[in-house]
Amino acid sequence: MHPFLQFFNYKLILRIGGGLASFLGLALIVPLVFAWLWGESILPFLIPAVLFLFLGILFSAKMKPEKSGLKIRDGFLLGVFCWILLSILGGIPYVIAGAANPLEAFFEATSGFTTTGATILTDLEILPRSLLLWRSITGFIGGLAILYFAIALFPGLNIGAHRVLGSVYRISAQEQLNAKAKGIMLSLGSFYGVLTVAETLALKGAGLSWFDAVIHSMGTVSTTGFSNYNDGLMHFTGNWPEIIICLFMILAGGNFLFCLGLPRYQRTNPLKEPETRVYIGIIVFASIFMSLALWFYGIWITPGDAFLNGFVQTVSIVSTTGYLSGSFTAWPTCCRIVFLVLMFIGSCSGSTGGGLKVLRAIAIGKLMRGGIYRRIHPRAVTPLKIGRKVITPEATAAITGYLFLYIVFFLACTLILCLETWDMVTAAGASLACIGNIGPGFQVLGTALNFASFSGISQVFLALVMIAGRLEIFALLLLLTPSFWNPDK
C-alpha cells in the first residue's frame with residue numbers, strides 16, 4: 001500500500017461516504033413518491049436513488065477499516081469530503097430534470113446542503129413540485145448535518161466556536177463527543193422535527209397550502225430560506241405568514257445545544273445566557289432602527305408596514321435564513337450598512353445559521369473594550385469574561401485569529417470575483433453571502449438572490465466558498481497546505 005494511503009484512514013472515510021450516498025438514496029424516495037402521485041417524471045429521482053444505494057452498499061461491503069478511529073487530519077478531510085460529496089450527488093436530480101447544467105447543479109445543491117439559500121434557478125414556478133421538494137429537502141438535511149458536525153466532530157478537532165463554547169459553558173470536547181453515544185442524533189432530530197412540524201401546522205392555520213407550509217417550514221428551521229415562489233414571502237397576502245416564519249427564524253438562529261440533554265446544559269437557562277440576550281438585543285435594536293429609517297425615508301408609508309418589513313428583514317439576515325419580504329436594494333444606505341454588519345455577525349453558535357456567530361462578536365467587543373481600558377490602566381489585569389465565565393487565552397487567540405482569517409478570506413473572495421468584471425459591491429455581497437451562508441447580497445443579488453449571471457467557474461468557486469464558510473474556513477484551507485498531505489509533518 002502506498003504510504004500516503006496509510007497516512008489517512010481512507011477506508012473509514014470512504015465507508016462514511018458510502019453511508020451518506022445510501023442516506024441520500026433513501027431521501028430521494030420522498031420526492032420520487034410525490035412525483036408519482038402528482039403525475040410528474042420520476043426519473044430525476046429514481047435513477048440517482050438506485051445509483052446512490054448501489055454505491056452505499058458497495059462501499060460498505062468493500063471498505064473494511066482496520067482502525068475505527070479518526071485522527072485530526074482524518075476529521076478535517078472527512079468534513080470537506082462529506083460536503084463536496086453531498087453537493088455532487090445532490091445535484092444529479094437537477095441535471096436529469098433539465099433544470100440546470102452540472103456546474104449549476106453543483107452550486108444549487110451546495111447552497112442547499114450548506115443552508116446558504118442562494119440559487120441559480122431563474123423561474124422556480126415552472127419547475128416540477130417534486131424537484132422543489134427535493135431542493136428543500138437538501139436544505140433540511142444540510143441543517144441537521146451542520147448541527148451534527150458542529151457538536152459531534154468539530155470539538156474534537158478544536159475548530160469552530162467550540163473553543164469559546166467550552167470556556168463559556170464549561171463543556172469539554174470529550175463530553176460533546178460522548179453525547180453521540182447518548183443519542184445526540186435522536187435529540188437533535190427530535191427537536192429539529194418538532195420545530196418543523198409546529199411551523200408547518202402554524203402556516204397551514206394561517207392559510208397556506210400544505211405544500212407551501214412544508215416548503216417554507218423546512219426553509220426556516222434549516223435557515224436555508226428556500227421558497228417555491230420567485231418572490232419569496234412577498235407572494236403571500238396578509239401578515240400572519242411572515243410573522244410566523246419570523247418567529248421560527250428567531251428560534252432557528254438560536255443555540256440548539258440546549259435541547260441535547262447534556263448534564264451541563266440542563267442547569268443552564270438559555271434566556272439568561274449572554275449570547276441569547278445579545279442575539280435578542282441585536283434583533284430588537286436593529287429592527288427598531290430599520291423601521292424608523294424605512295418610515296422616515298418614505299419607503300413604507302405607515303409605521304406598521306415599516307416595522308413589519310424592518311423586523312422581517314432584520315431577523316432574516318441575523319438568522320442567516322435569507323427570506324426577503326421586499327426589495328431592499330432601494331432601501332436607504334444606512335439600512336444596507338446595518339445589513340452588512342448583521343451579515344458579518346450572523347446567528348448564535350450551535351445553530352444551523354452562519355456568520356461569525358454572536359458569541360464571537362461578544363468576545364471581540366469585550367477584547368476591544370479591554371484594550372481601551374488598558375490604555376488608561378496599563379498595569380491592570382483584565383481577563384476576558386462572557387457572563388461570569390473566564391475565556392481561556394487559547395480561546396481568545398482562536399477568536400482573534402478566526403476574525404482576521406474571516407476578513408482576509410472575504411477580501412480575497414471579493415478580489416477573485418472582481419476579476420470577472422463584477423462591480424465591487426456585487427462581488428463583496430456575493431462573497432459575504434456565501435461565506436456567511438446567508439443567501440442575499442447587494443446590487444443584482446439583493447432581491448432575487450440569483451447567481452445565474454455568474455459564470456460556471458465562479459459558481460463552482462462560490463460553492464466551495466459556501467463549504468468553506470460552513471466548515472469555518474479552517475477545514476478547507478488546511479487541505480490546501482502542503483504540510484497537511486505530508487506524512488512526515
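The following legends describe close-up views of a predicted model.

**View 1. A nonpolar patch on the surface.** Seven residues are shown here by name: Leu26, Ile29, Val30, Val33, Phe34, Trp36 and Leu37 form a nonpolar patch on the surface. Together these residues have about 670 Å² of accessible area. Helix H3, which spans residues 29-37, supplies the largest share of the patch, namely six residues. Phe34 is placed in helix H3. The relative accessible area of Phe34 is 34%, so this residue is classed as partly exposed, a class that lies between the limits of 20% and 50%.

**View 2. The crossing of helices H2 and H4.** Helix H2 comprises residues 10-27 and helix H4 comprises residues 43-62. The axes of these helices come within 7 Å and cross at roughly 150°. H2 and H4 are therefore roughly antiparallel to each other, since angles over 145 degrees are counted in that class. H2 passes H4 in a left-handed crossing.

**View 3. The salt bridge between Glu108 and Arg135.** By the rule applied to this model, the count comes to two salt bridges. Glu108 forms a salt bridge with Arg135, and the closest N and O atoms are 2.8 Å apart. The pair links distant parts of the chain, with Glu108 in helix H7 and Arg135 in helix H8, 27 residues apart. Glu108 has a relative accessible area of 0% and is buried. Arg135, at 3% relative accessibility, also counts as buried, because the class takes in values under 20%.

View 4. Thr115 is placed in the loop between helix H7 (102-113) and helix H8 (129-157). The phi of Thr115 is near 60°, a positive value in a residue other than glycine. Most residues other than glycine have a negative phi. Is Thr115 buried or exposed? With a relative accessibility of 0%, Thr115 counts as buried.

**View 5. The crossing of helices H15 and H16.** Helix H15 covers residues 274-296, and helix H16 covers residues 303-318. Their axes come within 8 Å and cross at roughly 140°. That angle makes H15 oblique to H16, because only angles over 145 degrees count as roughly antiparallel. The crossing of H15 and H16 is right-handed.

**View 6. The salt bridge between Glu472 and Arg360.** Glu472 forms a salt bridge with Arg360, with the closest N and O atoms 2.7 Å apart. Distant parts of the chain are linked by this pair: Glu472 lies in the loop between H21 and H22, Arg360 lies in helix H18 (residues 358-376), and the two are 112 residues apart. Glu472 is buried, with a relative accessible area of 7%. Arg360 counts as buried at 3% relative accessibility.

**View 7. Ile473 in the loop between helices H21 and H22.** Where does Ile473 lie? Ile473 lies in the loop between helix H21 (456-470) and helix H22 (474-478). Glu472, the salt-bridge partner of Arg360, is in the loop between H21 and H22 as well. The phi of Ile473 is near 70°, which is a positive value in a residue other than glycine. The relative accessible area of Ile473 is 0%, and the residue is therefore buried.

Note on methods
Residues numbered from 1 in each chain as written. Predicted model: local features only at pLDDT ≥ 70, side-chain atom pairs only at ≥ 80, totals over all residues. Heavy atoms only, no water. Patch = residues over 30% accessible without salt bridge, like charges linked within 9 Å, V, L, I, M, F, W, Y side chains within 5 Å. Areas by Shrake-Rupley, 256 points an atom, 1.4 Å probe, with all protein chains shown as cover. Salt bridge = Lys/Arg side-chain N within 4 Å of Asp/Glu carboxyl O. Helix = DSSP H or I, 4+ residues; strand = E, 2+ residues; numbered from the N terminus. Buried < 20%, exposed > 50% of the residue type's maximum accessible area, 1.4 Å probe, protein only. Axes fitted to C-alpha atoms, helices over the stretch in contact; angles between N-to-C directions. Parallel < 35°, antiparallel > 145°, perpendicular 65-115°, else oblique. Left-handed = near helix turned anticlockwise from the far one by under 90°.
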